[in-house]
Amino acid sequence: MNLFRGFRAILYKEFIVIFRDKATLFFMFFPPLMQIIAFGYALDNDVKHMRMVVFNEDRTTESRQLIDQLVNTQTFRVASEANSVEEMAAAIRRGKAYVGLQIPPDFTRNLRAGRTTRVQVLIDGSSSTTALQALNVALAVGFRQSVTVLLGETGRRNLPIEFRPQVLYNPTMRSPNFFVPGVIGVALQIATVFATAMSIVRERERGTLEQLMVSPLSRWGLMLGKIVPYLCISMTMAVFLFTILRWVFFVPIHGSVATLFLAAFLYIFALANVGLLVSTKAQNQNQAFQMAMLWLMPSIFFSGFLFPAKRCRGFSTPSAPSCPRPTSSS
């Protein structure tokens, strides 16, 4: 008994069906290309030049230097100046600014007298990513200014402790280096699973599935004949996406390119099998669509592409404890 009996016939038939179905080819190629281009430019955690409204009650050289330090980080830009706290808060509520900076009238006087001077920073928290970056940059600038003043008072030239961090794998901290490869994985997953999920469902709706069941075909020949065409098309699409990754978004590819395509092949092959499993359980295309979404949504959200995935080691040491367990408030 031939294990792959009928494989060539099913493969030839499936290629003809796919190339005649222009809608399938369109939705396998066009949406992933649009996703990688759109998301590659739109998804960016490096928020720059956020609008900032300033209420400077001190108006001295020191206060203007503080504002310049915030602007020089390229995270903020002065959009307008306010004459009161209410006007500053109103600008944030109306969306004219993301950050409000209030410098009190005794800023320089307290600074020269060695007393603590307090600067109010209002941050729009409607976007957690933008708010977190604004908060971190504002605290970093304030901390750096405080250390500079303390060093001047003590007469020391160097910091007692100096950290020298080194960022691995993405030293420039470019967002496209993180998001664009993730978009490729998501685009390949959506296109491959949906296209493969419709293969057997299409046969069932057209009434040709019974003909395949009574034909002299082996199970392996039928399944591989259904999978291989979509595998070839998805690998072709992966080549296009990797080309855009390298030459449009300039994301470096270090290491073996052959290993990269081998991993992409195994990934697409697993996705094609998931789509084939969905198509065997669904009775129509609507059910296939819903079952595919039931698989796709959790896999995207838990992959770490959109949100950091929590990972915890199963062992702990005195210097590296395991994940903390919730403790009772009592």
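Residues are numbered from 1 along each chain as its sequence is written, and side-chain values use heavy atoms, with hydrogens and water left out. In this predicted model, local features need pLDDT of at least 70 and side-chain atom pairs count only at pLDDT 80 or more, whereas totals for chains, interfaces and linings use all residues.

Trainee: How many helices and strands does the protein chain have?
Mentor: Both kinds of element are DSSP runs numbered from the N terminus, helices being H or I with at least four residues and strands E with at least two. Counted in this way, the protein chain has 11 helices and 4 strands.

Trainee: What percentage of the residues in the protein chain is buried?
Mentor: Buried means under 20% relative accessible area, exposed means over 50%, and partly exposed lies in between, with a 1.4 Å probe and protein chains only. The accessible surface, from the Shrake-Rupley method with a 1.4 Å probe, comes to about 21300 Å², of which 61% belongs to carbon and sulfur atoms. Of the 330 residues, the buried share is 35%.

Trainee: Which strands pair with strand 1, and in what sense?
Mentor: Two strands pair if DSSP finds at least two bridges between them. Strand 1 (residues 50-56) has 6 of its 7 residues buried; V54 in this pairing has E81 of strand 2 as its bridge partner, while N56 stands opposite I103 in strand 3. Over 5 bridges in each case, strand 1 pairs in the parallel sense with strand 2 (residues 76-81) and with strand 3.

Trainee: Which strands do the buried residues of helix 4 pack against?
Mentor: In helix 4 (residues 85-93), the buried residues are M88, A90, A91 and I92, and just after the helix G95 takes a positive phi of about 80°. Contact means heavy atoms within 4.5 Å. The buried residues of helix 4 pack against strand 1, strand 3 (99-103) and strand 4 (120-123).

Trainee: Is Q74 buried, partly exposed or exposed?
Mentor: Q74 is found in the loop between helix 3 (61-72) and strand 2, and has a positive phi of about 65° although it is not a glycine. With a relative accessible area of 44%, Q74 is partly exposed.

Trainee: Is Y169 buried or exposed?
Mentor: Y169 has its place in the loop between helix 6 (128-154) and helix 7 (176-206), and takes a positive phi of about 70° although it is not a glycine. With a relative accessible area of 80%, Y169 is exposed.

Trainee: Which residues does S234 touch, not counting residues up to four places away in sequence?
Mentor: S234 lies in helix 9 (residues 219-247) and is buried, with a relative accessible area of 0%. S234 and I268 are 34 residues apart in sequence and 7.0 Å apart in space, C-alpha to C-alpha. The residues that S234 touches are M28, L188, T192 and I268.

Trainee: How far apart in space are L11 and L222, C-alpha to C-alpha?
Mentor: L11 lies in helix 1 (residues 7-20) and, leaving aside its neighbours within four places in sequence, is in contact with G225, V228 and P229. L11 and L222 are 211 residues apart in sequence, while their separation in space is 8.4 Å.
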